[in-house]
Amino acid sequence: MIKVGQTTEVENFLSNHPEVEAIDVLISDLVGFARGKRIEKSSLEKIYSSGLNMPATIFSMNVLGETIEECGLGQDIGEPDMVCKPIANTLHMASWHDRPIAQVLMSMFNHDGTPFFADPRNILSNVVRQLAEINLFPVVAVELEFYLLDKNKDNKGNLQAPISPKTGKRDEHTQVYSVDTLNDYSALLDDINRVCIEQNVPADTAVAECAPGQFEINLKHEADPVAACDNAILLKRIIKTVADKHNFDATFMAKPYSNEAGSGMHVHASLLDECGNNVFADEHNDYNETLEHAIGGMLELMPASMPLLCPNVNSYRRFMPGYYVAMAKNWGVDNRTVALRLPRGHKNATRIEHRVSGADANPYLVMAVILASIHHGITNKIKPINPTVGNAFDDDCEALPLKLDRALAELEKDQILTSYLGEAFTKNYHTVKQKELEQFDMHISELEVKWYLSNS
């Protein structure tokens, strides 16, 4: 039976967009890649009332879209379907198409209506519920860095920075926070903003970052972390599709160039009590004991969190001194060299900026491990190390596991984070990433051949 709110959503949409011909129904897999089907307009009401069947193997696929049979969701159990249901308020036109096509996000459930264990969105929803049980309610914001690329590679097959639409010259340098760079790409950025408005994605500021073709777009703070991650998924899709319309490629790869900065996904998080008060705020100091406990939990679980914050081999290439990417378990006030930064500002805006995750990570999983770590720290009153003052790269803090194999080993031996994510999910995720790593390690690179073929 269609719920009243869902009936209204479908009826309002069809009334406002009688021209729509088809709808893309999308669900984010383990790495945050949108998979799904295209349905005709006549089937829209049916998916809102009955859902849409999709294979459970969506959540046992590696980054190449190959099913990892060792997860046990594929042929061993007959490749079963689960029920995918539309996510409220995500049904919008996708105006980059040449014909009138809409899109809607979905989430996966068992046939008895319970959340499917391997869907990252369901993992995040469960962590948010655990915080609500102790009367704590997160307010979060996501910041996404990305690169624009020339669609054509150079004569050696290497990636190229884009050619400025204004000057007609290839970008070689970018001044961070340069307004002139934003002006050069104003048509593209304006289109991104227009589509964000059409899809109710609360994009805020756009910033030129410190490498040719690199930008950052921030989302506004939201009191619903799950919806905030829905919007992060939508924003990534908007950026990539609009860039394509402007004849650029856009990538959220963590480190596309070896000699330029990587792309991160920074998350800002504060907590409100049942009266709407910021429980991190202190009238006289930069932070209070509750925030310290949250920091303590985040630092304690950070090593085990790394495979979810930085899910790919390339993710770890971001971690180089001098590129404002923390390499150790540290924190500080208004310090961009640490893993967890406390931005200065109005006391009511006291928050933690988590600066470790890559732009290639799944937003639902990043948010889940951050909020789970905060819950762990507060409920167990974990005291953190002293904050870092000055350059954190000179500290002797405990280093993070900065290779995927080491990170996966940390996750495999963990029990605390696993209790939040669920043992079945953690095992499934670990299996996918481990098999993906094994496949990567079997590849003989061009550099290996160049170095060792004649010198061995």
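Guide: A crossing is left-handed if the near helix is turned anticlockwise from the far one by less than a right angle, and right-handed if clockwise. Helices (H or I, at least four residues) and strands (E, at least two) are DSSP runs, numbered from the N terminus. This is a predicted model: local features need pLDDT of at least 70, side-chain atom pairs count only at pLDDT 80 or more, and totals for chains, interfaces and linings use all residues. Residues are numbered from 1 along each chain as its sequence is written, and side-chain values use heavy atoms, with hydrogens and water left out.

Start with H5 and H6. Helix H5 spans residues 186-198 and helix H6 residues 225-245. Their angle is about 135 degrees and their axes lie 10 Å apart (axes are lines fitted to C-alpha atoms over the stretch in contact; angles run from 0 to 180 degrees between N-to-C directions). The two helices are therefore oblique to each other (under 35 degrees is roughly parallel, over 145 roughly antiparallel, 65 to 115 roughly perpendicular, the rest oblique). H5 and H6 cross in the right-handed sense. H5 brings Leu188, Asp191, Ile192, Val195 and Cys196 to the contact, and H6 brings Leu235, Ile238, Ile239, Val242 and Ala243 (contact means heavy atoms within 4.5 Å). Nine of these residues are nonpolar, none is polar and one is charged (Ala, Val, Leu, Ile, Met, Phe, Trp, Tyr, Cys and Pro count as nonpolar, Asp, Glu, Lys and Arg as charged, and the others, Gly among them, as polar).

Now H7 and H8. They pack at about 140 degrees, with axes 7 Å apart. That makes H7 oblique to H8. This crossing, too, is right-handed. On the H7 side are Thr290, His293, Ala294, Gly297, Met298, Glu300, Leu301, Ser305, Leu308 and Leu309. They meet Leu365, Val366, Val369, Ile370, Ser373, Ile374, His376, Gly377 and Ile378 of H8. By class, the contact has eleven nonpolar, seven polar and one charged residues.

A cavity is a set of points on a 1 Å grid over the protein atoms alone where a 1.4 Å probe fits but cannot get out; lining residues have an atom within 4 Å of a point. Grid points are joined across faces, edges and corners, and a volume is the space filled by probe spheres set on the points. Three cavities reach 30 Å³ or more. H7 gives the most, four. The lining has five nonpolar, three polar and no charged residues.

The last pair is H9 and H11. Helix H9 (residues 404-413) packs on helix H11 (residues 423-441) at about 160 degrees, with axes 11 Å apart. H9 and H11 are therefore roughly antiparallel to each other. Their crossing is left-handed. Leu404, Asp405, Leu408, Leu411 and Glu412 of H9 touch Thr426, Tyr429, His430, Lys433, Gln434 and Leu437 of H11. This contact divides into five nonpolar, three polar and three charged residues.

Technical notes:
1 Å grid on protein atoms, 1.4 Å probe; cavity = no way out; pocket = protein on both sides within 12 Å on 5 of 7 lines; lining within 4 Å.
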